[in-house]
Amino acid sequence: MEKSFKQPALLAIVLIALIALPIVADAAGYASLTSLATRVLIYGIAAASLNLVLGYGGMVSFGHAAFFGIGGYVVGILYQHYSLDEPLFGFISGSNQLLVTLPAAIIVSGIMAAAIGALSLRTGGVQFIMITLAFAQMLFFLFVSLKTYGGDDGLIIRRTNELAGLNMRDKQTFYYVCLSIAMLFFVVLWRIVNSRFGNVLVGLRQSGKRMAAIGLPAYRYKLMAFVISGMGCGLAGALMANFLRFTSPDMMHWTKSGELMIMVILGGVGTLFGPLVGAAVFTVLESVLASWTENWQLALGFILLFVVLYTQGGVQAAFARLFGKHA
Amino acid sequence: MTLFLEQLLNGVQFGIMLFLLAAGLTLIFGIMGVINLAHGSIYMIGAYAGTWVAARTGSFWLGIPAALAAAAFAGLAIEFLVVRRLYGRDHLDQVLATFGLILIFNQAVTMIFGRQPLFVAIPSLLDGSVELLPGLVYPVYRLAIIAVGLLVAVGLYLLINRTRIGMLVRAGSTNREMVRALGVDVRLLYTLVFGLGALLAGLAGFMAGPILAVQVGMGEQILITTFVVVVIGGVGSIRGAFFASLILGVVDTGLRAYLPGLLRHVMVGPDADALGAGISSMGIYLLMAIVLLIRPKGLFIRNS
């Protein structure tokens, strides 16, 4: 069902454009474009992860910002313990190495997703939406109250994590690191959604009863998808903390969950690259609108309403219908 | 002991406020199957309209019709322009469309009223306190809120259990198609229910004015708490919403009042206060998680 990878020419063009972007942006005098593109890549990873449960699995999670925030806090907390040189819990030493912090963020958010998913998936429908929201809110308030880690002011990460002698403070270098990670991520995601596991997931969305009749344990598959998706959001959160050199409870605020969902629906639910497109549309829209008017949220609200009510499938589907081709 | 009773009353008062919001929310969800995140915005609109009129005219009482009218109008407009198109759509679309409404309303209210919170004074009739028990002095205004909330609860009970509209509402929440097949104008019924929900939200918003600051974003905070109420009580059940509101109001108030003190026995003051505040904020979500794990459909829905 995934045709995106069957259009290698288009994919190659996009990839070349992404690789060339910082160089062109610098040459054209729009150096800030590189930062914008970095944000797009990071949010794209998070939105695509959310889409695995939302679009493929049909589970409307309203709490995925929690994993995004956890990823950020893993980086922030490890950095704080590294800079103060006092081990976490007395035995885990802090770190400023990207190769340590990223896997740690992925693992921790995976564990959290396993716990939250295991409980939330006992319910369905509106209860599922609300219980995922509730867990995210719990974590939000927990981090707001943790004075050791900055409370509601958040944690400043003075220096971006180090990676193999690269100058990570350089915007271009960091962009290319994010681009490499994003490429890797999308290859893995592509493998997942086109595997037997991905097919079962789609099957579960369409009819849980049918899958049960074949003898497939729905709960286990859904939980697995939830965990993978949480890990992806954790990865994105860790990258975002490095990018902003800052992490705060705002990363797991419920409006952030809403924004991630907006990205997914803007780009197209249940498509591999849709969320990346959605992240790009949302991020660019946000910065363009914000530069025009301070009332940009009003415009964003109307755009969102329009997309939900009239496009039925986001930007990708709208384009497909406009140009009369089936995406 | 009196302090405990006072906190209990505070909890009941908070619970009653939640009930006014939760009743509308659960009716709208139970009958139309729509998750309306913009319910908190209607609460905010009621608060702003009422408080603004009250401040302009100097009369608290004129604020009430203003709040109700503004909230009902906003509710009907939302139903007519947006929610009407969302019946039968999946929850994701509903969540996102009404999330868009939140952005619109918050920004619009900021543009009209500015970022400064509005204030309204308690009218002289409801100002002051009464001594309920020896040593237990309680503000009249909060008692009035409790009274209004109980009146609304009784009114809703009668409306739903004793009238024809109520019968249709009950039937509609069980089997929508059947009601439509019987020749009932379901669309009009939906609009009425939505308007009623909006009216109650506006009332809650205006009554909250003198206690809380009337400001942008006031709706979202209480909205999520209200959703917790609806889910704990059981989606679509007014009775569930009533009891869950009271339970939640009391639990939340109790945790906020007593937890920091308890924590101060084991850790230093400021840390205890911060952690206490954090855990109390988490308390209701924890409560909801526990309830859902035991009864996935909520406390007051018979498991089928």
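Analyst: Please note at the outset that this is a predicted model. We may begin at the end of a helix: H10(A) is followed by A:Gly268, whose phi is positive, near 125°.

User: Which residue other than glycine has a positive phi, near 55°?

Analyst: That residue is A:Arg245, with phi near 55°. A:Arg245 sits in the loop between helix H9 (218-244) and strand E2 (246-247) of chain A. Its relative accessible area is 27%, so A:Arg245 is classed as partly exposed.

User: How is the length of H10(A) to be judged, from its first C-alpha to its last?

Analyst: One compares the span with the value expected at 1.5 Å a residue. Helix H10 (residues 254-267) of chain A has 14 residues and reaches 20 Å, close to the 20 Å expected. The helix is also mostly covered, as 12 of its 14 residues are buried. Among them are A:Trp254, A:Lys256, A:Leu260 and A:Ile265.

User: How many residues of chain A are in contact with chain B?

Analyst: On the side of chain A there are 41 residues, in contact with 42 residues of chain B. The two chains bury about 3,900 Å² between them, and 81% of that area is on carbon and sulfur atoms. Four residue pairs are in polar contact between the chains, counting pairs with both residues at pLDDT 80 or more.

User: Which helices of chain A each supply at least two residues of the side that touches chain B?

Analyst: They are helix H5 (125-145), H10 and helix H12 (296-311) of chain A. H5(A) gives the largest share of that side, 14 residues. H5(A) has 21 residues and reaches 31 Å between its first and last C-alpha, close to the 30 Å expected at 1.5 Å a residue. Like H10(A), it is mostly covered: 18 of the 21 residues of H5(A) are buried.

User: Which residues is B:Ala289 in contact with, leaving aside its neighbours within four places in sequence?

Analyst: B:Ala289 is in contact with A:Ile131, A:Phe135 and A:Met138. B:Ala289 belongs to helix H11 (residues 269-294) of chain B. Its relative accessibility is 7%, so B:Ala289 counts as buried. Sequence separation and spatial separation should be read side by side here: B:Ala289 and B:Val231 are 58 residues apart in sequence and 9.8 Å apart in space, C-alpha to C-alpha.

User: How is a pair of aromatic rings described?

Analyst: Such a pair is described by the distance of the centres and the angle of the planes. A search of the whole structure finds 23 aromatic pairs over all chains. The rings of A:Tyr175 and A:Tyr176 have centres 5.4 Å apart and planes at 75°, so this pair is edge-to-face. A:Tyr175 is buried at 0% relative accessibility, while A:Tyr176 is partly exposed at 25%.

User: Which parts of chain B does the pair of B:Trp52 and B:Phe113 link?

Analyst: The pair links distant parts of the chain, 61 residues apart: B:Trp52 lies in helix H2 (residues 39-57) and B:Phe113 in helix H4 (residues 91-113) of chain B. The rings are edge-to-face, 6.4 Å centre to centre, with 70° between the planes. B:Trp52 is partly exposed at 39%, and B:Phe113 is partly exposed at 24%. Ring pairs also link B:Phe60, B:Trp61, B:Tyr141 and B:Phe206 into a cluster.

Note on methods. Residues are numbered from 1 along each chain as its sequence is written. Chains are lettered from A and ligands numbered from 1 in the order in which they are written. This is a predicted model: local features need pLDDT of at least 70, side-chain atom pairs count only at pLDDT 80 or more; totals for chains, interfaces and linings use all residues. Side-chain values use heavy atoms; hydrogens and water are left out. Rings of Phe, Tyr and Trp (its six-membered ring) pair if their centres lie within 6.5 Å; planes under 30 degrees apart count as stacked, over 60 as edge-to-face and the rest as tilted. Buried means under 20% relative accessible area, exposed over 50%, partly exposed in between (1.4 Å probe, protein chains only). Helices (H or I, at least four residues) and strands (E, at least two) are DSSP runs, numbered from the N terminus. The expected span of a helix is 1.5 Å times one less than its number of residues. Contact means heavy atoms within 4.5 Å. Buried area is the accessible area (1.4 Å probe) that two parts lose on being put together, summed over both. A polar contact is a pair of N or O atoms within 3.5 Å; within protein, one must be able to donate a hydrogen and the other to accept it, and residues adjacent in sequence count only if both atoms are side-chain atoms.
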